[in-house]
Amino acid sequence: MEEQEPSSSKSRTKKSNKRNREEKLEEPVEPESQNPVAEKESLRVKIQLFQDQPNKVPPMVAYFPSGYNPCKTNLQTQDEEECRGEEGPNKQSNPQRVKVFRNTAEKKNNRLQVVVSPSGSNVDFVGTNYSGEAAAAQVCRYSLGVLDKETGSLKIVPIASNKIFRLEPRVRNSETANQDASNSVKSELTSEKKDKLGELTALYGTKKDRKKRKEIINLNKEVDPESQKSLDKKIEQVTFDKEALANTTALITRNIPPHDLSATTPPEAYPLDKIILKGDWDFLGDIYDLLQAGAEVESNDYLRFVCNRIHKLDAIEDEKERRKLSGIFSFITHLVKFKDMFSMDHAASAKKHKIPSIISQRFSTMFTDPGCKILSDDKIYHLISYVLVLSLHADGFKTDPSDIAKDLRISVVSLRPHFWNLGCKFSRENNALYVILPVPLKFP
């Protein structure tokens with residue numbers, strides 16, 4: 001009997017369950033109670049998509065990563081004012097002051113800065129669309145939707161700069177310090193990055209890139225202060241010749257390059273090594289490198305005097321002499337372009353011309369006056385005398401002055417006194433005017 005009890009209990013359970021199911025089926029179905037929370041409201045709206053319009057300011061979207069809640073601050077301020085009984089126009093309904101700044105530079109006018117200043121605090125929340133988080137790669141487009149249930153319209157508009165402003169807290173007194181610190185960090189990172197890229201180019205770059213890097217280094221190279229100190233010490237130990245000092249007055253009044261009155265040949269009369277110094281030749285290889293690469297010397301970059309005499313370099317077989325003449329051409333070009341840089345009428349012609357830093361520093365010492373933006377007449381005459389002497393060297397001390405006169409933008413007639421001041425004479429051959437340099441030098 002004990003073994004049959006579980007089977008009888010199971011059968012009773014099954015019968016009771018079946019009876020309950022039948023009763024539920026027979027009961028009338030009552031409507032379910034309407035729950036407003038569970039229901040989903042459906043709206044039929046008209047979507048309007050607006051494009052960015054340049055004459056209108058799009059909305060700006062920002063967030064506070066620090067946890068600052070401007071809405072909560074507004075409510076707290078209103079409660080405090082109500083407790084104090086403040087009403088009327090003096091009531092502050094918006095304790096935050098929001099300002100938007102735009103960069104006025106022509107190429108940076110799309111840069112924006114949003115500043116939120118809570119009242120009664122010396123902390124500002126600042127965000128930009130060009131730095132920090134906004135400088136990261138943009139992989140999507142942001143838009144702002146405004147739903148109007150009454151009219152049944154959904155307006156979708158683009159946000160400013162397609163960026164979400166991250167408003168970081170900044171203490172007002174330390175804003176300038178933060179900017180200086182960020183600028184210094186950026187400059188350090190930029191210089192460090194350039195150095196590493198330069199090292200990689202020197203190791204694995206192409207021949208063209210390595211050559212370009214070397215030219216940039218030469219252009220930015222400046223005088224070594226230690227070398228300058230040692231040079232000053234050597235100058236102090238030099239013994240001066242009284243006769244040479246007596247003749248320096250003529251050199252100063254005439255504004256002419258270093259010369260030798262006792263010279264028996266024209267090249268010795270105006271020694272080239274005293275006009276173009278030994279350290280200058282390393283930075284005068286631009287024309288030589290162009291010809292070695294098979295490129296043409298364009299008239300937009302070089303003087304008419306140089307372009308009309310480039311064929312002389314092809315006729316020279318000696319590599320040393322070819323480098324020497326091409327260096328003279330480069331030095332003449334730098335001199336004339338330097339003159340144009342300080343000229344009010346022709347400054348634009350030399351705007352894109354690059355003079356190596358060491359040569360530019362030497363020109364500034366020789367031909368400019370401190371604090372002056374243009375060259376004085378004496379300095380211009382001094383510079384022209386250097387150009388004319390080098391033109392004589394380039395043409396074998398028998399030159400046609402018409403080309404160099406056009407480069408200097410003066411007439412041949414106005415150039416004659418400068419040649420006479422150098423001890424030159426004019427001769428006419430086959431209806432062509434030439435300038436020659438007789439020796440020994442005799443000044444008028």
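What follows is a close look at the aromatic pairs and the helices around them.

Mentor: Please keep in mind throughout that this is a predicted model. For orientation, the chain has 17 helices and twelve strands, and buried residues make up 27% of its 444 residues. Among contacts between residues at least 6 apart in sequence, 59% join residues at least 24 apart.

Turning to the rings, a pair of aromatic rings is described by the distance of the centres and the angle of the planes. The count of aromatic pairs in this model comes to eleven. One of them is formed by phenylalanine 305 and phenylalanine 329, an edge-to-face pair with 6.4 Å from centre to centre and 80° between the planes. This pair links distant parts of the chain, since phenylalanine 305 belongs to helix α11 (residues 304-307) and phenylalanine 329 to helix α13 (residues 319-341), 24 residues apart. Both phenylalanine 305 and phenylalanine 329 are buried.

A further pair is made by phenylalanine 367 and tyrosine 386, whose ring centres are 5.7 Å apart and whose planes stand at 80°, over the 60 degrees required, so this pair too is edge-to-face. Because phenylalanine 367 lies in helix α14 (residues 357-367) and tyrosine 386 in helix α15 (residues 377-394), the pair ties together parts that are 19 residues apart in sequence. Phenylalanine 367 counts as buried because its relative accessibility is 0%, and tyrosine 386 counts as buried because its value is 6%, the cut-off being under 20%.

Phe367 and Tyr386 also belong to a cluster, in which ring pairs link them with Phe331, Phe338, Phe342 and Phe363. Some of these residues return where helices meet: α13 and α14 pack at an angle of about 55°, with their axes 11 Å apart, and this angle makes α13 oblique to α14. The crossing of α13 and α14 is right-handed. On the α13 side the contact is made by Phe331, His334, Leu335 and Phe338, and on the α14 side by Ile359, Ser360, Arg362, Phe363, Ser364 and Phe367.

Notes. Residues are numbered from 1 along each chain as its sequence is written. This is a predicted model: local features need pLDDT of at least 70, side-chain atom pairs count only at pLDDT 80 or more; totals for chains, interfaces and linings use all residues. Side-chain values use heavy atoms; hydrogens and water are left out. Rings of Phe, Tyr and Trp (its six-membered ring) pair if their centres lie within 6.5 Å; planes under 30 degrees apart count as stacked, over 60 as edge-to-face and the rest as tilted. Helices (H or I, at least four residues) and strands (E, at least two) are DSSP runs, numbered from the N terminus. Buried means under 20% relative accessible area, exposed over 50%, partly exposed in between (1.4 Å probe, protein chains only). Axes are lines fitted to C-alpha atoms, for helices over the stretch in contact, and angles run from 0 to 180 degrees between N-to-C directions. Angles under 35 degrees count as roughly parallel, over 145 as roughly antiparallel, 65 to 115 as roughly perpendicular and the rest as oblique. A crossing is left-handed if the near helix is turned anticlockwise from the far one by less than a right angle, and right-handed if clockwise. Contact means heavy atoms within 4.5 Å.
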